Amino acid sequence: MKREEIIKILKEKENIRDDQIEIVLKEKEKTGAPFGYLLIKFGLISADRWHNFALKELKSVSVQLNQMNIDKEVLKLLPEFTCRKYRVVPIFKGNNKIVCAMVDPTDKEVINEIKKISGMEIETRLAKEYEIKEIIETMISQGGIDVISPFEKRDMPEKVFKPIRVKEVSESSAVTVVEELVEKAIELKATDIHLEIEEEGLRLRYRINGLLYEFPPPPLELYLSIVSHIKVLSNLDIAEKRVPQDGYFKMKLYGRDVDLRVSTFPTIFGEMVALRVLDKRNIISGLEQLGFFPEVLHRWRILLDEPYGMILVTGPTGSGKTTTLYSSLNELDSTHRKIITVEDPVEYHLKNVNQTQINPKAGLTFSVALRSILRQDPDIVMVGEIRDIETAEIAFRAAQTGHLVLSTLHTNTAPGAIIRLLDMGVESYLISSSLIGVLNQRLVRSICNSCKEEYKPYPEEIKMLDPSLLEKENLKFYRGKGCHICNGTGYGGRTGIFELMVINEELRRVIIKNPDLVEIKEVARKSGMETLREDGIKKVLAGITTISEVLYTTRKED
């Protein structure tokens with residue numbers, strides 16, 4: 001069926017307007033994403049309603065992925081990035097044909113793209129959007145695992161997927177469970193522990209290398225005791241279950257202290273708990289270990305050696321900004337220079353650094369703390385985050401009056417930091433005279449060294465990364481095969497990709513004129529700034545990470 005016919009039926013049966021269809025078609029032209037998926041994404045139709053529509057009106061043949069066992073070799077027939085972009089999962093291979101489960105099996109442009117990428121004939125099946133997403137997250141993102149359904153909750157090998165065992169239900173059992181939860185987090189090098197209560201029961205998940213993995217939860221009858229014990233450890237109100245609470249506690253494991261930041265949050269089925277694991281061994285003492293290439297690291301260290309000025313580290317939540325700032329502070333001379341930080345919260349305690357945690361309830365905000373800090377005669381000030389115009393102006397004036405100020409900002413690119421500051425209301429002359437550098441960063445998963453193998457990616461995959469690479473010869477690409485060391489994921493740890501914009505005189509002249517983002521980016525590129533994608537490509541060619549990781553992490557640049 002042609003798209004015009006599908007649109008006509010959509011307007012008749014689902015009351016979707018012409019202007020809404022126009023938005024979807026423009027987005028499709030821009031991104032290449034499946035038409036049906038974009039309808040869901042824009043909220044014009046629910047995922048279930050689209051599935052029923054495609055089944056009844058478009059006569060699509062459907063499959064239930066949660067009832068299927070998909071061979072890991074079949075999953076490797078399409079690159080991970082392709083599966084994510086087109087919402088497609090290969091489910092069967094026969095002769096020169098792949099059977100693919102898709103959110104929209106009627107999208108001929110997408111089918112043709114998949115055909116070009118795979119070099120094989122494509123036969124399509126309709127599948128529910130959430131089932132395809134589950135397959136991608138639990139199987140393809142791990143490089144394919146044993147012949148099992150991801151819905152069986154077995155996305156980790158058995159040695160890791162060991163249930164927490166409790167002999168009897170008691171207060172002492174709850175204490176044991178909490179200790180085991182944290183021990184498992186340390187063993188898995190997880191950054192977060194999520195305990196959630198739902199209608200079906202408890203859910204336990206660990207965040208490992210940026211992704212959440214599900215594990216067998218402790219007994220449901222212990223949950224209230226577990227939450228109460230965590231609250232006692234964190235000095236929280238045990239009786240209060242109607243409002244969120246935040247706390248902090250330490251636990252001694254494996255002969256060392258582990259700090260845990262606690263957040264409780266009420267839901268309709270009870271309180272859920274999130275624990276951030278602040279393992280001090282993860283504070284990286286050397287900037288070299290963060291993933292900087294030598295030339296970028298050299299330029300970053302030059303900025304840190306400046307006597308005064310503003311340095312910003314940007315990126316979304318969870319991109320490693322705090323780790324970069326802490327590692328940078330560790331390198332600074334804290335003996336002959338006074339360093340003070342204002343944070344929310346203080347995540348790690350640094351030697352010879354005076355750290356302050358803000359307390360808005362008591363009136364200690366970033367701006368209030370900054371004003372008082374400047375009377376303490378600091379040489380270097382680190383502000384956890386610039387959130388408002390008042391904090392921004394005080395920080396920039398401090399940078400202008402002889403202090404080196406480091407802070408973070410939520411922007412997607414380094415040039416975007418300037419636009420964000422201007423939008424906040426910071427005067428262009430303040431930015432131009434004070435800002436000396438912006439480091440934008442993301443985290444990508446590193447290939448596991450124990451099962452690293454060379455492979456030949458699809459030409460279309462290389463083209464998505466950088467079309468010019470197709471013309472180059474003798475390029476080598478690597479991926480992780482999956483082993484017991486990396487728990488079958490093919491990845492071991494994470495590394496950073498960076499975009500460093502050093503503010504020179506040409507950029508200062510541009511900033512003072514209230515420029516647009518394109519103009520700033522052009523001048524920054526001429527001045528030697530490499531984009532996140534370019535730094536990522538270098539790490540792919542160096543065998544540090546994979547094409548899929550860089551494509552997925554830098555997709556906003558497309």
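**Exercise 1. In which strand does V438 lie? Work out its surroundings as well.**

Step 1. Start with the ground rules. This is a predicted model, in which local features need pLDDT of at least 70 and side-chain atom pairs count only at pLDDT 80 or more, while totals for chains, interfaces and linings use all residues. Residues are numbered from 1 along each chain as its sequence is written, and side-chain values use heavy atoms, with hydrogens and water left out.

Step 2. V438 sits in strand β15, which covers residues 435–447. Helices (H or I, at least four residues) and strands (E, at least two) are DSSP runs, numbered from the N terminus.

Step 3. V438 is buried, because its relative accessible area is 0%. Here buried means under 20% relative accessible area, exposed over 50%, and partly exposed in between (1.4 Å probe, protein chains only).

Step 4. List its partners. Setting aside neighbours within four places in sequence, V438 is in contact with L312, T314, A414, A417, E499, L500 and M501. Contact means heavy atoms within 4.5 Å.

Step 5. From V438 to E73 is 43 Å, C-alpha to C-alpha, and the two are 365 residues apart in sequence.

**Exercise 2. Find T356 and K252, and compare where they stand.**

Step 1. T356 lies in strand β12, and K252 is found in strand β7.

Step 2. With a relative accessible area of 28%, T356 is partly exposed. K252, at 59% relative accessibility, counts as exposed.

Step 3. Leaving out neighbours within four places in sequence, the contacts of T356 are T341, V342, E343, V346 and L364.

Step 4. Now look at C-alpha separations. T356 and S433 are 77 residues apart along the chain, with 28 Å between their C-alpha atoms. K252 and E183 are 69 residues apart along the chain, with 10.0 Å between theirs.

**Exercise 3. How many disulfides does the rule count?**

Step 1. Apply the rule: a disulfide is a pair of cysteine sulfur atoms within 2.5 Å. The count comes to 0.

Step 2. See why for two cysteines. The closest cysteine sulfur to that of C100 is in C83, at 7.8 Å, too far for a bond. For C448 the closest is in C451, at 3.8 Å, which is also too far for a bond.

Step 3. C100 counts as buried at 0% relative accessibility, and C448 counts as buried at 4%.

**Exercise 4. Look at two residues with a positive phi, N209 and D377.**

Step 1. N209 is not a glycine, yet its phi is positive, about 55°. D377, likewise not a glycine, has a positive phi of about 55°.

Step 2. N209 is in the loop between β5 (201–208) and β6 (211–215). D377 is in the loop between α13 (366–373) and β13 (380–383).

Step 3. Buried or exposed? N209 is buried, with a relative accessible area of 19%, whereas D377 is exposed, at 61%.

**Exercise 5. Decide where to read with care.**

Step 1. The mean pLDDT (the predictor's confidence in each residue, from 0 to 100) is 86, and 92% of the residues reach 70 or more.

Step 2. Over residues 144–169 the pLDDT is below 50, and this stretch has 67 contacts in the model beyond near neighbours in sequence.

Step 3. Where pLDDT is low, the predicted coordinates should not be read in detail.
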